[in-house]
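Student: I have a new structure to read and would like to learn how to go through it feature by feature. Could you guide me?

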Amino acid sequence: MYTIAIFNSQEGVGKTAVTLNLGHALALAGHQVTLVDFDPAGDLSTALGLFRQPAQGIDQVLTDAVDFETVAISTRDEMHLIPSGSRLAELERAEHPGMKQGLLLQQALLKGMPGQAFMLFDCPSVSELLVANALLGVDMALIPVSGDAAGAESLPHLLETVRRFSAARGGALRYTIVMNRIPARRRLTGVAVSKFSGLAPENFLQTVICQSELITEARKMGRTVFEYRAHSRSAADFRQLAGELLRRIELDR
């Protein structure tokens, strides 16, 4: 099972939409996929149509050593969801969290989840302990970045976070970056292009996810872009993202 954390400390870059639609793209390509709502806000669960949050979820996997499959919910063909659970926020509020608390996910992943090819984690923006668990435990970080000045300014901080967790892991954390929410009829701004080209260009995917109200509309209805408009440009973008990511993972193995 290959594990991917969709991560960015900047809010509003579309992490949940990327997790949701990339996950469904992988499932439609024939892979068994589990999506993990790793944010106490529960936005991923809502985006999958669970408007009433389940009480059990990844919180129990981390704190009670429950197996992943015990709390997984089948949501689509080839795709499962592990909700955040009602106690996930309590983990972040733990007093004096140490290295042991940062390795809870890593320990859980040692047992894996039978039959699954991919597990994608929708990470929160502001939770230090949960993000630490994700970046210390997964195989790869996928970083959605907006193609504007704010996205360019955030990138050095994101790369420093990757370097810091690579050191803590004792080996490099694989990461790749996808440009997200890019206006379909406008090139990237000059300041963004110049900064992106000078910072880890080999880690940028060629796929670009264009900005579209369709993605937001689908999510509000608890559907993916493939269910909402299967032949849309947004659906094509996420199919391309899944294909490129699969090829990169195969090369890394």
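Tutor: Let us begin with a term that we shall need at once: two strands are said to pair if DSSP finds at least two bridges between them. Please keep in mind that this is a predicted model.

Student: Which residue stands opposite Met140 in β6?

Tutor: Met140 in β6 has Ile4 opposite to it, and the strands concerned are β1, residues 2–6, and β6, residues 140–146, which pair in the parallel sense over three bridges.

Student: In what order do the eight strands of the open sheet lie?

Tutor: The order is β3-β4-β2-β5-β1-β6-β7-β8, and the pairing in this open sheet is mixed. At the edges stand β3 (73–76) and β8 (204–210), each of which has a single partner strand, so that one side of each is left without a neighbour in the sheet. From one strand to the next, the twist averages 25°.

Student: How is β8 joined to β7?

Tutor: Four bridges join β7 to β8, and the two run parallel; one of the residues to look at is Ile209 in β8, the bridge partner of Asn180.

Student: Is β8 largely enclosed or largely open?

Tutor: A residue counts as buried when its relative accessible area is under 20%. Five of the seven residues of β8 are buried, so the strand is largely enclosed by the rest of the structure. Cys210, with 7% relative accessibility, counts as buried.

Student: Which residues have the most contacts inside the largest nonpolar core?

Tutor: That core has 43 residues, and those with the most contacts inside it are Phe38, Ile58, Phe68 and Phe121. Helix α8, residues 128–137, gives the most to this core, with seven residues. Apart from it lies another core, of 35 residues, including Val18, Leu48, Met79 and Leu205.

Student: What does Phe38 touch, leaving aside residues up to four places away in sequence?

Tutor: Among the residues that Phe38 touches are Ile58, Leu62, Phe121, Cys123 and Ala134. Cys123 is itself buried, because its relative accessible area is 2%.

Student: How many disulfides does a search of the whole structure find?

Tutor: The search finds zero disulfides.

Terms used. Residues are numbered from 1 along each chain as its sequence is written. This is a predicted model: local features need pLDDT of at least 70, side-chain atom pairs count only at pLDDT 80 or more; totals for chains, interfaces and linings use all residues. Side-chain values use heavy atoms; hydrogens and water are left out. Axes are lines fitted to C-alpha atoms, for helices over the stretch in contact, and angles run from 0 to 180 degrees between N-to-C directions. A nonpolar core is a set of buried Ala, Val, Leu, Ile, Met, Phe, Trp, Tyr and Cys residues joined through side-chain atoms within 4.5 Å. Buried means under 20% relative accessible area, exposed over 50%, partly exposed in between (1.4 Å probe, protein chains only). Contact means heavy atoms within 4.5 Å. A disulfide is a pair of cysteine sulfur atoms within 2.5 Å.
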